[in-house]
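Please look over the sequence and the model shown here before reading on. The briefing that follows is arranged by topic.

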Amino acid sequence: MINHSFPVLGQPIPVRVPQTVEDFQEFQRYVLDRANAGERVAYDTETTGLDTYSSGFRIRTAQFGTPNEAWVLQVEKGSDLQRLASWALRTLPALSMQNRNFDMLASDRHIPGITLEELAPKTLDTYIYSHLADPRRRDQGGVGNGLKDASAHYVDPSAPDTQGGLIEEFHKIGYTKDTGWPHIDIDNPLYLSYAGGDVILTSRLLPKVEARVRELGINPALPAFEHAVGFVCALIERRGMRIDRTYTAQLSSDLREEATHWAAEAARYGVANINSTRQVSEALLGMGEKIPERTAGGAVQVNSTVLKRLADVDKDWEPIESRTPNPLAMAILRSKRASKWRTSYAEAMLRTADENDRVHPKIGALAARTARMSISDPPFQQLPSGKWEVRHAVRADDGCRMISVDYSSVEPRVMAALSGDERMTAAILRGDDLHNLTAASVYGPGFTPGQRKVAKVVQLGVAYGGGAKTIAAQTGLTLAAAQSAVKGYKRTYPQLARYIRDLQRQVVRDGYTLRTPSGRRLVFDRDAAYASFNGEIQSTARDIFAQGLLEIHARGLTPHVLLPVHDEIIADATDNEAEEVGREIGEAMTMTLRGIPLGTDPDVGGASWGSLYMKKAEVMTANDEWYAAHPDEARKAEEARK
């Protein structure tokens, strides 16, 4: 037996690394004793990285622990150790994990005999309880929900930073925090000590965060709800999405050329380096642009928000039509976007795809401060809603068609339900377009398409706590015009304006906290009470979506689901089932909130995710080489969009 220790509250806690047959028998007795006592045991893995399904990924160690003891199995050393870890996982009746989906999915794929379906029902996630108690990251003023931060708050402020210590070891052997995991010696004492330390801390953390959730009076149904949502997301992540490797490789090449082309366009205006704040700001100011925004250091701000305003596009790259687009701003935006898409999507898909050319985006079921989900590796949530080029790389399974089901204007409907605004509610029940109603109230019945887009920004801006200054920056309106638009919006929906004002006051009185309709606890910065309605909307919309996801699962439709993105479900089904599956998913998601119907818009496309976003005129003209080489796909996409 190799013995190490990990310090907690000034005491060295034993970390045992079995080596001999006798050691393994002692580990088995430990497991059986815990199982017979019904004791919950913490479980964790050390792996070669985060790309669970990539070809080079492997589990190096599997560790089990209770508050006063940890065992580390070096499963990388052989199949016997893998089978021992598998036996332990199947024998133990109750487990705890920090961020359980990662370790459950890694074990499901790489430890023989272990399945996600077996692990999930008996595993509690310390991350879920920590997030419910305080959803803020440490840099947002909260406790923080990573193991290090949460343990420092609830268990032992002096406990070593396990990852930080290992990074120093990586540097000693010539690697970084991202590249060192596969290369550090599996017998490294610090590596093994810290592996054991993680399960000791997890085991001690769970009762602390469970107690904190009870102490705060958080809805007792939420922990079970979040564990159920996390499980469904893990099932979806495990299935993954098929990519067309040929198209994706060509997309990467095309995006490199696009980035180079637009960087050259920027150079024509004197910007040799599009990432140089000084060069970009000097060139734009030299073109006569007025840029009031400043960085913390006092420099002219030329971030994406500023550039999009100057280029006259909104956050989704749709034209605002409030000014003449600045060609330099547009060139910089296009070059940066192409570079980002190449790295974050095309190259990421090629790098992380498994042996069957499936990518498995990581789904953070409980991610943001408001509990909104996140998608990473690749970050499909960040794609503009109207763009198809990257999405076209994702393909339905053979003989299947892509399906999209999303809520119809869910956030305005949530706004109406929460505020009880009678005019907004009546408009929704009549089926009116809320943005048209707002535009008419601000600009009169003869409003233009551009004014409607401005009205949309105003509606979302006011609801999300943005004032006239922010709206002016986003739309290109003068401050006076933005102020007039805000006043017009508040006249249109007086009860909504009153509700927002009262909510902000209540949040201040309650110590900058808010309880959402689901009983979730949101915490706001002392200078950000204005964001409370935004938080309530976002959090409520997320919980509606999560409930819809559980209903989809209850109806046996999860095997069709490829990804949850924002308020949309991406799925696939065979040609003859696609319409029916889309309808059933839509029905599962449909519900009401305080009398406001939350309906869905099912849509069936062709063989690619991108087909759902293509206009009919684009289907045969975009990417001619691709469609010339794939006439059947072109035909399917054309038929799907008719």
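In which helix does Q28 lie? In this predicted model, Q28 belongs to helix α1, which covers residues 21-37. The points below begin with that residue, move on to individual helices and a helix pair, and end with backbone geometry.

**Two residues and their surroundings**

- With a relative accessibility of 30%, Q28 counts as partly exposed, and once its neighbours within four places in sequence are left aside, Q28 is in contact with L84 and W87.
- Although Q28 and A85 are 57 residues apart in sequence, their C-alpha atoms are 9.9 Å apart in space.
- F533 lies in helix α21 and counts as buried, because its relative accessibility is 0%.
- The contacts of F533, leaving aside neighbours within four places in sequence, are M415, L418, A463, L496, Y499, I500 and L503; for one of these, I500, the separation from F533 is 33 residues in sequence and 6.2 Å from C-alpha to C-alpha.

**Helix α17**

- Helix α17 runs over residues 449-463, and its 15 residues should span 21 Å at 1.5 Å a residue, which agrees with the 21 Å between its end C-alpha atoms.
- Buried in α17 are G450, V454, A455, V457, V458, Q459, G461, V462 and A463, and these buried residues pack against α14 (410-419), α16 (434-443), α18, α19, α20 (494-509) and α21.

**The pair α18 and α19**

- Helix α18 (residues 468-475) packs with helix α19 (residues 479-492) at an angle of about 115 degrees, the two axes being 8 Å apart, and the crossing of α18 and α19 is right-handed.
- On the α18 side of this contact are A468, K469, I471 and A472, which meet L479, A482, Q483 and V486 in α19; by class, the contact has six nonpolar residues, one polar residue and one charged residue.

**Helix α22**

- The twelve residues of helix α22 (residues 578-589) should span 16 Å at 1.5 Å a residue, and the end C-alpha atoms are 17 Å apart, which agrees.
- Which residues of α22 are buried? They are A578, V581, G582, I585, G586, A588 and M589, and because they cover an arc of only 160 degrees around the axis, they lie on the same side of α22.

**Backbone geometry in loops**

- D377 and P378 are joined by a cis peptide bond with omega of about 0 degrees, and P378 is located in the loop between β11 (374-376) and β12 (394-395).
- D357, which is not a glycine, has a positive phi of about 55 degrees; D357 sits in the loop between α13 (327-352) and β9 (358-359), and with a relative accessible area of 25% D357 is partly exposed.
- H566 likewise has a positive phi, near 55 degrees, in a residue other than glycine; H566 is placed in the loop between β16 (561-565) and β17, and at 39% relative accessibility H566 counts as partly exposed.

Terms used. Residues are numbered from 1 along each chain as its sequence is written. This is a predicted model: local features need pLDDT of at least 70, side-chain atom pairs count only at pLDDT 80 or more; totals for chains, interfaces and linings use all residues. Side-chain values use heavy atoms; hydrogens and water are left out. Axes are lines fitted to C-alpha atoms, for helices over the stretch in contact, and angles run from 0 to 180 degrees between N-to-C directions. Helices (H or I, at least four residues) and strands (E, at least two) are DSSP runs, numbered from the N terminus. A crossing is left-handed if the near helix is turned anticlockwise from the far one by less than a right angle, and right-handed if clockwise. Contact means heavy atoms within 4.5 Å. Ala, Val, Leu, Ile, Met, Phe, Trp, Tyr, Cys and Pro count as nonpolar, Asp, Glu, Lys and Arg as charged, and the others, Gly among them, as polar. The expected span of a helix is 1.5 Å times one less than its number of residues. Buried means under 20% relative accessible area, exposed over 50%, partly exposed in between (1.4 Å probe, protein chains only). The arc is that of the directions from the helix axis to the C-beta atoms.
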